[in-house]
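Subject: Structure handover

Hi,

Here is the structure for you to pick up. Please open it alongside this email. My notes follow below.

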Amino acid sequence: MEREGWDALKPHEMVELALYPAVPRQDLTDIARLLVDRFGSVGGVFGASREQLLAVPGMTSALAEWIGLTGELMRAYYDLHAERDIRLSCYSEVRAFLAPRATDVEGAALWAVYADFDFNLITFTELRGGAWWDAGNVRRVLADAIGNGARYVYLVRWLDGPAREMDGQDCARLEAIAATLRAADLDLVDCLIAGEGEFYSMNIHGKMQAIRAGSGCMELHERYSN
């Protein structure tokens, strides 16, 4: 069977094609072959350190930087698509997504997590400021959600201390955020407080009843709680 696309290329030809934008109109066959021979595979080439690359005969500083940048982009692309397999349709799935990331969070932080119409994770972003309801954060959530084609939003607050319940005033502010999101056809599914390996879900603990009612889709929240 005739091969097409990347499958039709040999490893050194893949490397040569990726290097061409860095030094157009130059024959890169020899350096591409040398790189594959040295590092064993295409992945090995683009996973090599700058120091390892510069040890290859004929390698320039500019070309090493290009290979490093291309490798970073490849890994970012892979990570993004790997995370699309994560579903956030219920609390247990959201918790499973957040728990292993707790060790990567330094100090207090605010996150907004976005899912599509099928509850597949799209992306998550770190917000600035001290509260979800800061004007800049609300604008950021709207822009990120709309720009990424999201349908559902989950807010996470990471604390240095233990997870704790939010007070009534904070709950009222979240209702205002939910109303703003609904105007853009977005549903705020949950607000979670994370701390010391524990999670406090406002949805699960019945602190989002007004938000649930305003969403017009009680089934969504009932399914999330189960």
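Which residue in the turn of the β4 and β5 hairpin has a positive phi? Glu196, at about 50°. The hairpin has two residues between its strands.

Before the rest, some ground rules. This is a predicted model, where local features need pLDDT of at least 70, side-chain atom pairs count only at pLDDT 80 or more, and totals for chains, interfaces and linings use all residues. Residues are numbered from 1 along each chain as its sequence is written, and side-chain values use heavy atoms, with hydrogens and water left out.

Overall picture

The chain has ten helices and five strands. Both are DSSP runs numbered from the N terminus: helices are H or I with at least four residues, strands are E with at least two. Of the 226 residues, 41% count as buried. Buried means under 20% relative accessible area, exposed means over 50%, and partly exposed lies in between (1.4 Å probe, protein chains only). The accessible surface comes to about 12400 Å², and carbon and sulfur atoms hold 51% of it. Areas come from the Shrake-Rupley method with a 1.4 Å probe; for residues, only the protein chains shown count as cover.

Take the contacts in the chain with a separation of 6 or more: residues 24 or more positions apart account for 59% of them. Contact means heavy atoms within 4.5 Å.

The sheet

The five strands form an open, mixed sheet in the order β2-β1-β3-β4-β5. β2 (121–127) and β5 stand at the edges with a single partner strand each, so one side of each has no neighbour in the sheet. Neighbouring strands are turned by 20° against each other on average, direction ignored. Axes here are lines fitted to C-alpha atoms, for helices over the stretch in contact, and angles run from 0 to 180 degrees between N-to-C directions. Two strands pair if DSSP finds at least two bridges between them.

Strand by strand:

- β1 (residues 109–115) and β2 are antiparallel, over six bridges. Ala115 has Leu121 in β2 as its bridge partner. Their hairpin has five residues between the strands, and Phe119 takes a positive phi near 65° there.
- β3 (residues 152–158) runs parallel to β4, joined by seven bridges. Val156 is bridged to Leu192 in β4. Trp158 stands opposite Ala194 in β4.
- β4 and β5 (residues 198–201) run antiparallel, with four bridges. Ile193 has Tyr200 in β5 as its bridge partner.

Why is β4 largely enclosed by the rest of the structure? Because nine of the nine residues of β4 (residues 187–195) are buried.

Helices

In α1 (residues 11–19), the buried residues include His12, Val15, Ala18 and Leu19. They cover an arc of only 125° around the axis, which puts them on the same side of α1. That arc is taken from the directions from the helix axis to the C-beta atoms.

Thr29 lies in α2 (residues 29–39). Neighbours within four places in sequence aside, Thr29 is in contact with His12 and Glu16.

Ala176 sits in α8 (residues 168–183). Ala176 is partly exposed, at 45% relative accessible area.

Best regards
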